[in-house]
Amino acid sequence: MRSSSRGSLREPSYFVLAALLDGRLHGYAVIKRVEELSGGRVKLAAGSLYSVVDRLLGEGLIVADGEEIINGRARRYYRLTEEGRAVLTEAADRLAEAARVVHARLLDSLFPPSAGAQFSWRTSPA
Amino acid sequence: MNNDTLERRYRTLLRSYPAGYRRERADELLEILIGEAAHRRWPQPRQAAALVRGGLRVRAGSAAGRPKVVLLWQGMHLAAMGLLALGALKTIFILAAALTHGGGDLLRPVLHEHGPALALGIAAFAALALDRQRLATGLVLAAIAAQAVVPDYPYGHGMPQWWAAVVAAPLVIAGLRRPADVPRVGPRTAVAVSVSVLALVLVLGLARIEQLAFDDDATPTWLVVAKIATAAAFLWVATADRRMLIAVAPMFVLMTLAQITFDGLRTDLPRVDAMASVALGVAIAAGMVAAAQWRHVRL
């Protein structure tokens with residue numbers, strides 16, 4: 001699959017794809033949704049958004065999906081493709097796995113298993 | 001209406017984007033910009049700066065299918081133009097100096113020696129600006145031939161203008177094989193970038209013109225301020241439009257070749273700092289291409 005050979009997603013791309021999980025959105029709505037999903041951490045400027053959008057369009061992870069005229073200006077909508085969904089899922093799995101490893105080590109450091117212990121929080125009792 | 005005024009000001013800022021991109025995206029960008037700046041009359045300075053830099057990035061190929069390829073080929077094209085412009089300017093400076101110090105009697109022989117190569121170099125620059133690559137190749141090669149037949153001009157090979165066409169030639173010849181998906185650099189952009197690169201090289205003193213202009217050793221304060229301001233302005237623009245960094249890189253090679261040849265005529269020992277500037281030029285160009293590749297791989 002194409003996604004397996006691709007490098008990791010940067011945070012703005014990750015959240016733009018995540019914003020489109022619920023359905024098609026136009027640019028301004030994507031910015032607001034990204035800010036909301038990232039807890040205010042990722043605030044995309046207009047130029048930055050379209051830099052991300054251009055790359056995602058180029059990779060076929062999103063597509064333009066309809067246009068309407070609002071206040072005399074064309075408003076274009078974008079939606080996730082199947083490949084975009086697969087890449088986002090893969091990235092989310094990778095982050096979850098990375099987080100799991102760190103959480104496990106953090107817990108180990110807080111509650112070190114004593115020598116000869118029969119039980120570790122990570123493994124079921126025999 | 002506030003919104004009309006604000007929209008007009010944003011449209012002015014959006015002119016930093018290429019026309020084709022503006023046709024495609026201006027409405028969408030405006031909707032976001034005006035949506036975020038309701039009740040304002042002026043764009044926020046940070047937002048304005050981000051827009052200009054965004055436009056410069058797109059001009060440098062960030063929205064292209066193969067950004068690294070666009071950056072490399074257009075950077076090479078602009079580098080050749082910058083070299084030819086610097087060569088021409090240095091020759092014009094020599095002609096002006098000859099006229100000032102010796103009048104028409106001194107100007108005539110200098111013009112006879114440097115005139116043909118100067119005219120051919122300027123013509124090659126114009127051909128490149130108009131994207132006439134084959135014509136430019138012929139003119140650059142003719143310029144090299146013209147300066148090669150000049151007999152015994154003192155320190156001729158030790159002058160940057162002698163090397164300008166020589167260093168530009170491989171870049172111009174390589175441009176004949178530009179991939180079909182790399183767009184041409186518009187003439188206005190090409191000239192603007194060449195002038196910017198030229199300004200940087202001259203103001204920073206890489207071309208050593210100010211040493212001729214100021215006889216005393218002490219550099220005036222205003223010149224130091226001008227150098228810092230020019231370098232800062234150039235870096236601000238060039239870190240967005242990275243073709244400019246590729247365009248300026250061969251200038252280091254040019255200066256080094258001239259310095260080594262000049263020193264060689266006197267001492268047979270090339271200066272160590274001259275070699276360092278070559279390394280710096282190569283590092284700048286390689287770094288820009290690597291950064292473009294990294295941005296492309298990471299979505």
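A residue is taken as buried when its relative accessible area is under 20%, as exposed when that area is over 50%, and as partly exposed in between, with a 1.4 Å probe and protein chains only. The model is a predicted one, in which local features need pLDDT of at least 70 and side-chain atom pairs count only at pLDDT 80 or more, while totals for chains, interfaces and linings use all residues. Residues are numbered from 1 along each chain as its sequence is written, chains are lettered from A and ligands numbered from 1 in the order in which they are written, and side-chain values use heavy atoms, with hydrogens and water left out.

By the burial criterion, 46% of the 299 residues of chain B are buried, and for chain A the share is 39% of 126 residues. Chain B contains eleven helices and zero strands, whereas chain A has five helices and three strands, which follow one another from the N terminus in the order α-α-β-α-α-β-β-α. Where a contact denotes heavy atoms within 4.5 Å, 76% of the contacts in chain B between residues at least 6 apart in sequence join residues at least 24 apart; in chain A, residues 24 or more positions apart account for 50% of the contacts with a separation of 6 or more. Accessible areas were computed by the Shrake-Rupley method with a 1.4 Å probe, and for residues only the protein chains shown count as cover. The accessible surface is about 14,900 Å² for chain B, with 65% belonging to carbon and sulfur atoms, and about 7,300 Å² for chain A, with 55% supplied by these atoms.

In chain A, seven of the nine residues of helix α2 are buried, so this helix is largely enclosed by the rest of the structure. The buried residues are S13(A), Y14(A), F15(A), V16(A), L17(A), A18(A) and A19(A), and they pack against β1 (25-26), α3 (27-37), α4 (46-58), β2 (62-70), β3 (73-80) and α5 of chain A.

Two packed helices are described by the angle between their axes and the distance between the axes. Axes are lines fitted to C-alpha atoms, for helices over the stretch in contact, and angles run from 0 to 180 degrees between N-to-C directions. Helix α2 (residues 11-19) of chain A packs on helix α5 (residues 82-110) of chain A at an angle of about 120°, with the axes 10 Å apart. The pair α2(A) and α5(A) is therefore oblique, given that angles under 35 degrees count as roughly parallel, over 145 as roughly antiparallel, 65 to 115 as roughly perpendicular and the rest as oblique. At this contact, Y14(A), L17(A) and A18(A) of α2(A) meet G84(A), L88(A), A91(A), A92(A) and L95(A) of α5(A).

In chain B, the axes of helix α7 (residues 187-203) and helix α9 (residues 221-238) come within 9 Å and cross at roughly 145°. Here S196(B), V197(B), A199(B), L200(B) and V203(B) of α7(B) meet A226(B), K227(B), T230(B), A231(B) and F234(B) of α9(B).

Elsewhere in chain B, L245(B) lies in helix α10 (residues 243-266) and counts as buried at 9% relative accessibility. The C-alpha atoms of L245(B) and L78(B) are separated by 9.9 Å, the two residues being 167 residues apart along the chain.

Methods: Helix = DSSP H or I, 4+ residues; strand = E, 2+ residues; numbered from the N terminus.
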